[in-house]
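Hi,

Here is the structure I promised to pass on. Have a look at it first, and then read on for my notes.

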Amino acid sequence: MVKWWKQSTFYEIYMPSFKDGNGDGIGDFAGMTSKLDYLKELGIDGLWLTPFYPSPKVDNGYDISDYYEIDPDYGTMADFETFIQEAHQRGIKVIADLVLNHTSSDHQWFQESKSSKDHPKRDWYIWRDFPNNWVSFFGGPAWEYDAKTNQYYYHAFAKEQVDLNWANPEVKQAMFDVMKFWLEKGVDGFRLDVINFLKVNDSFQDNPYDLEKKEQIHLFDKDQEGVIAIIEEIAEFVHQYPDKFLVGEVGSEELDILKLYSGLNKLDVVFNFNIGSMAKFDVDKLYQQLVGTEQAYDSTQIPTLFFSSHDMSRHISRFGGDEDLAKLVATLMLTAKGVPFIYFGDEIGMRDWITDDLSKMKDVQGITGYKLALQEGKSHEEALLVANEKSRDKSRTPMQWNARANVGFSEGKPWITVPEDGYKVTVEDQINDPESMLSFYKKLLKLRKKHSSLQFGDYEFLRNEDGMIYFVRTDTVEKVLVVLNFTDQPKTLEVEVAATMKLLLSTKRTGLDRESVVTILANEAVILKGDIGNGLVKER
Ligand code: GLC
């Protein structure tokens, strides 16, 4: 039987920002439950929830202080259970974000570990007499001095996010217990945070420096020997439970690295940052990466497709704000080969938010960037630029439900600013407008669900012709041709006109002349269906 996740489109919910149910200005389970019908209507199959466990929220939940509870900001365990039940009733799966690499410095385990050098949990974290040159991914040294025991502990991210020592079997066991707990609570799998960081190099050698990029090369602090073996153990453990799904965040754009982590006996899929985190829209790079992934992955490996997340700018803003382009990107994401992950709000075309008021900035990465820039002697204005570049608040503003108070997100004061222009881009405004971004996403999701070749089909071919990417996906019953004209010029394509050829979707028109040469309009996305017996598009 085909695994459910191979047919699924996921939707990432950034917990504090989706829907507040109790008026405290923070999204929660009750709020999400009230929006399950919206999600069902939209047509998604699975939800990825960012961490919802108790946390001091230095990094908004990616610093967990108790792995067995629900953070009171998000509700109670009963609210969580109701949410899971209601989601399942609607046929929606739920995967939980799990941070295995580090805990909050407030976690009991770390409190014990730091209490003395001979505490049995001392070795649960990474302690050294002297630091090396490794830098944290949020900036600054990755080692923090502890005066009481006169040693340094390692943190790949903020100093309040302390790296666990996965070389210690007790740590592994403790985390397997955590996974068991949530699997038995009914989650359908996990998104495993920074999973390629679980091991650091035992030699603790200094990392080299890239003179050109003026930054450290993270040679010894991620993707280390032994990490794949741990991942295999995690996969074996989780897959004992039927139908559970694992998606890993492997923070790398290198296909050679990405391909090591998924497939048979490993993670089901990993995030393909090689495609997802393109800084600027570049059709040639996009095409190369699609082809590269095809070549690099074996038959047990399936890519993921996403262009936004809580860690990056929204693609519509990053790629210049153009709605046509956003629709082309959405079409690619929902018709190319891979498991798609939509970031909440992208379906209505929500945009980035940037602030010049530092007191409004919430993200630890932005705030750390600002402080370090000042330390380097930069002025406030210069430091603010650095902070804004690094800050991930851009894509973390509240979901824009309607144009009323706080965009209908909360009856209280939202934890993060609602962008002023957010009131112009809302669900309420778009839901009954057939031309809206929201209606377009719904159409795409319906098409994907209806056409097996869009879920499972192989590429019969995949081409890029001067900025027009087109591909045919085929399975045993049908062929679907997707043409994405990323240019401002009309382009032609020669197709085989079989009696059954049908226009499934276009971003620019409702019908298509039955001619063998089709003009693809500037910035148009077209999806055509053909029969298995035909070529559908002529090779040239
Ligand atoms: C992942 C999360 C990010 C977090 C980091 C540290 O990259 O997606 O939000 O800051 O891990 O846990």
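This is a predicted model: local features need pLDDT of at least 70, side-chain atom pairs count only at pLDDT 80 or more; totals for chains, interfaces and linings use all residues.

Let me start with Lys19, which sits in the loop between β1 (10-13) and α1 (29-34). This lysine is buried but has no salt bridge. The nearest side chain of opposite charge belongs to Glu411, 6.7 Å away, and a salt bridge needs nitrogen and oxygen within 4 Å. What does lie 2.7 Å from a polar atom of the Lys19 side chain? It is the backbone oxygen of Gly408. Beyond its neighbours within four places in sequence, Lys19 touches several residues, among them Asp28, Met32, Trp401 and Phe409.

Now to the salt bridges, which number 29.

- Asp37 and Arg90 meet at 2.7 Å, N to O. Asp37 belongs to helix α2 (residues 36-42) and Arg90 to the loop between α3 (77-89) and β3 (93-98), so the bridge ties together parts 53 residues apart in sequence. Asp37 is partly exposed, at 47% relative accessible area.
- Lys449 pairs with Asp45, with the closest N and O atoms 3.0 Å apart. Here helix α15 (residues 437-450), which holds Lys449, is linked to the loop between α2 and β2 (46-49), which holds Asp45, and the two residues are 404 apart. Lys449 is partly exposed at 43%, whereas Asp45 is buried at 14%.
- Lys479 pairs with Glu460, the closest N and O atoms being 2.7 Å apart. This pair connects strand β18 (residues 479-485) with strand β16 (residues 458-465), 19 residues apart. Lys479 is buried, with a relative accessible area of 5%, while Glu460 is partly exposed at 36%.

There is also a network of salt bridges with shared partners, joining Asp59, Asp311, Asp363, Arg392 and Arg396.

On the backbone side, Phe204 has a positive phi of about 50° without being a glycine. Phe204 is in the loop between β9 (189-192) and β10 (209-210) and is buried, at 15%. Asp223, likewise not a glycine, also has a positive phi of about 50°. Asp223 lies in the loop between β11 (215-216) and α6 (227-239) and is partly exposed, at 23%.

Finally, the second largest pocket holds about 640 Å³ of space. Its lining has 29 residues, with Lys6, Ser299, Thr300, Gln301 and Ile302 nearest the centre. Helices α9 (283-296) and α16 (452-456) each contribute at least two lining residues.

Best wishes

How values were computed
Residues are numbered from 1 along each chain as its sequence is written. Side-chain values use heavy atoms; hydrogens and water are left out. Helices (H or I, at least four residues) and strands (E, at least two) are DSSP runs, numbered from the N terminus. Buried means under 20% relative accessible area, exposed over 50%, partly exposed in between (1.4 Å probe, protein chains only). Lys and Arg count as positive and Asp and Glu as negative; His and the chain ends are not counted. A polar contact is a pair of N or O atoms within 3.5 Å; within protein, one must be able to donate a hydrogen and the other to accept it, and residues adjacent in sequence count only if both atoms are side-chain atoms. Contact means heavy atoms within 4.5 Å. On a 1 Å grid over the protein atoms alone, a cavity is a set of points where a 1.4 Å probe fits but cannot get out, and a pocket is an open set with protein on both sides within 12 Å along at least five of seven lines; lining residues have an atom within 4 Å of a point. Grid points are joined across faces, edges and corners, and a volume is the space filled by probe spheres set on the points.
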